[in-house]
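Thanks for coming. I have a short tour for you, so please look at the sequence and the model as I go.

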Amino acid sequence: MSVLSVKDLHVSVETEEGSKHILKGVNLTINQGEIHAIMGPNGSGKSTLAYTIAGHPKYHVESGSVTLDGKEVLDMSIDERARAGLFLAMQYPVEIPGVKVADFLRTAKTALSGEAPALRPWIKEVNSSMKALRMDKTFADRNVNEGFSGGEKKRNEILQLELLKPTFAILDETDSGLDVDALKIVSEGVNRARENTGLGLLLITHYTRILRYIKPDFVHVFVDGRVAEQGGPELADRLENEGYDRFLTDTSVA
Amino acid sequence: MTVVTPEQHGLKAHSDGGWDAEDKNFVPVQTRSGRPKSFEHSDFAPVTGIEADWKLTPVKLIKPLLDDALDGSAYTFTTDAPAGVTVEWIARDDKRIASAGAPEERASANAWTSFEQALAITVTSEEHVTLRISRADLGNTARGAHTVITARPHSNSTIIVESSGDALLSENVEVVVEEGASLNFVSVQDWNDEAIHLASHFVQVGRDATLKHTVISLGGKVVRVNPAVHLSGEGADGELYGLYFADEGQHLEQRVYMHHKAAHTRGRVNYKGALQGAGARTVWVGDVLIGRDGAGTDSYEQNRNLVLTEGTRADSIPNLEIETGDIQGAGHASATGRFDDEQLFYLQARGISEAEARRLVVIGFLSEIVQKVGDEQLEARLHSAIESELEGSKA
């Protein structure tokens, strides 16, 4: 069984006002097959954690480690991390003009598995995943994310999650901006991927509503760059009723 | 009263304004349509290189085309003309000559004065037909050439002119798209490394006619293609596309002029370029003029440049003149930049290597234009040409 482990992670980012310390000692262990929800107010560093694990160059690791089955992820390039089995579903997926979805998926699959997938079964798999996510067939011929609505971009992320079959996936606010129907479709896709591949999930969200459809095993409350509290699914229910005020009053004094 | 002198504000004489002209009543050209025109080489003063029209061009390298006598004889080309299209050499006094425009600069006028016969392409077919013309043997002598393309009323065609090999060429291309006709014209410049090519395209688009005009410049030391398109009939539609890829030491220039002369015309201009290697140089100037009679005009122009390495220079100058208030829309955009790091991150986060991600982004960037070409055979060739340009960067 694979384990993704974050230990005492400190991360800063360059801003116009200078270097800003965002993650202040994050500790987190996810076993394959588990679903962890990371919840927290805006600006608490949730997305920074996601992008640091994925290797975005904007974030500077000051200290700490991220290991996947004992191997240091922070030493890997962005694409090596993906090939090691990590996946990040982005909150704002970028448009890639001139690159068709079908070509992109096949290139990514080829890069991950080291060889081009056999054409016929691959096309069949792509089509059935697209159908399950209620994506029109014409999506395959469109340029990646170009002119996609917010909901279409999120579905395209989950399509990749299903097809690329990572060991661990981080979903960065995949629920934001989705109406309830789209939220259900996307959640079903995530659950399907988990059933099929047994991946571990790190679900980053501001709201509790996606947790109605994707049931977390653990909930971590993120405040001011570190995990302030953790517990089981009941913690999410408590946050739903009380909001983050209880945590914010502590930090706003600082 | 306080006297305000230019010195107080650090004003300097404008380089192209003729401030130091002998004649103190000198007034610079006020509008794009007001430039002097002539068919006579001698009517244009020798080029110094500081003129607005020439200051971004390596004038020293094109001297013979500006000043010397040019060989204006017929040249060899290959073609396989389909039914409904004629290709022939015609004499200077043919009435098709000068039906679309007149030179506005010295190299263009030199070609006009010099050509002995013009290559005439006439399309009558109402069913869509494709004509390919290939020129590969122009040689190293300074040449002047002339082409007249006439798309007869309601005809429908794609005309692709591909140029390769050596060249020291100044030429004029006249294009007349008559009432209700549809013409997809593609000019591909894939010359040898030392070739020098200056071209002026004069285009008239008639009532309810549609023109798609694409300039693709890949090979050549200096390639300067200046299309001037007049949407002169009501409801005329013009789409002008360009794709260029400048390598080390290459100068690729295009000065595009879209003139919304009649009412209810629609114009789109989209040029995209990539630059790589020391001294790779591109120039794009996009002039759009919406004339007094251009009511209901819908116009947009843009230029995008992708800089792949250090040591390149891309000039991008959009100009928009509007002489009527009654238009539907007019806009312009220009951007020159390096790789979008977010695009690379996205692709790499899916396991794609950095080199492959860069390749995908460049090809994707340029393929927006390739996809417009509307000819599968040429599109496939352009894709592989772009691939080999990119591979050249690794060598």
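The contact between the two chains takes 20 residues from chain A and 19 residues from chain B; two residues are in contact if their C-beta atoms, placed from the backbone, lie within 7 Å. On the chain B side, helix 3 (341-348) and helix 4 (354-370) of chain B are the elements that give two or more residues. Helices here are DSSP runs of H or I with at least four residues, strands are runs of E with at least two, and both are numbered from the N terminus. Helix 4 of chain B gives the most to that side, with eight residues. By class, the side of chain B that touches chain A has eight nonpolar, six polar and five charged residues. Ala, Val, Leu, Ile, Met, Phe, Trp, Tyr, Cys and Pro count as nonpolar, Asp, Glu, Lys and Arg as charged, and the others, Gly among them, as polar.

A word on the source: this is a predicted model, in which local features need pLDDT of at least 70, side-chain atom pairs count only at pLDDT 80 or more, and totals for chains, interfaces and linings use all residues. Residues are numbered from 1 along each chain as its sequence is written, while chains are lettered from A and ligands numbered from 1 in the order in which they are written.

Next, helix 3 of chain A. Its 13 residues, 101-113, should span 18 Å at 1.5 Å a residue, and the end C-alpha atoms are 18 Å apart, which agrees; the expected span is 1.5 Å times one less than the number of residues. Which residues of helix 3 of chain A are buried? They are A:Val101, A:Phe104, A:Leu105, A:Thr107, A:Ala108, A:Lys109, A:Ala111 and A:Leu112. Buried means that 20 or more other C-beta atoms lie within 10 Å of the residue's own, exposed means 12 or fewer, and partly exposed is in between, with C-beta atoms placed from the backbone. These buried residues pack against helix 2 (78-84), helix 4 (119-132) and helix 5 of chain A, together with helix 4 of chain B.

A:Ser113 is also in helix 3 of chain A. With 13 other C-beta atoms within 10 Å, A:Ser113 is partly exposed. A:Arg83 is 30 residues away from A:Ser113 in sequence, but the C-alpha atoms of the two are 7.8 Å apart. After the helix comes A:Gly114, with a positive phi near 80°.

Most residues other than glycine have a negative phi. A:Asp69 is not a glycine, yet has a positive phi of about 50°. A:Asp69 sits in the loop between strand 4 (59-68) and strand 5 (71-72) of chain A. Is A:Asp69 buried or partly exposed? A:Asp69 has 14 C-beta neighbours inside 10 Å, so it counts as partly exposed. A:Glu173 also is not a glycine, and its phi is positive, about 45°. The loop that holds A:Glu173 runs between strand 7 (168-172) and helix 6 of chain A. A:Glu173 counts as buried because it has 21 C-beta neighbours inside 10 Å.

Last, a loop in chain B. B:Gly291 lies between strand 15 (281-290) and strand 16 (298-307) of chain B. B:Gly291 is buried, with 23 other C-beta atoms within 10 Å. Not counting residues up to four places away in sequence, B:Gly291 touches B:His259, B:His260, B:Lys261 and B:Glu323.
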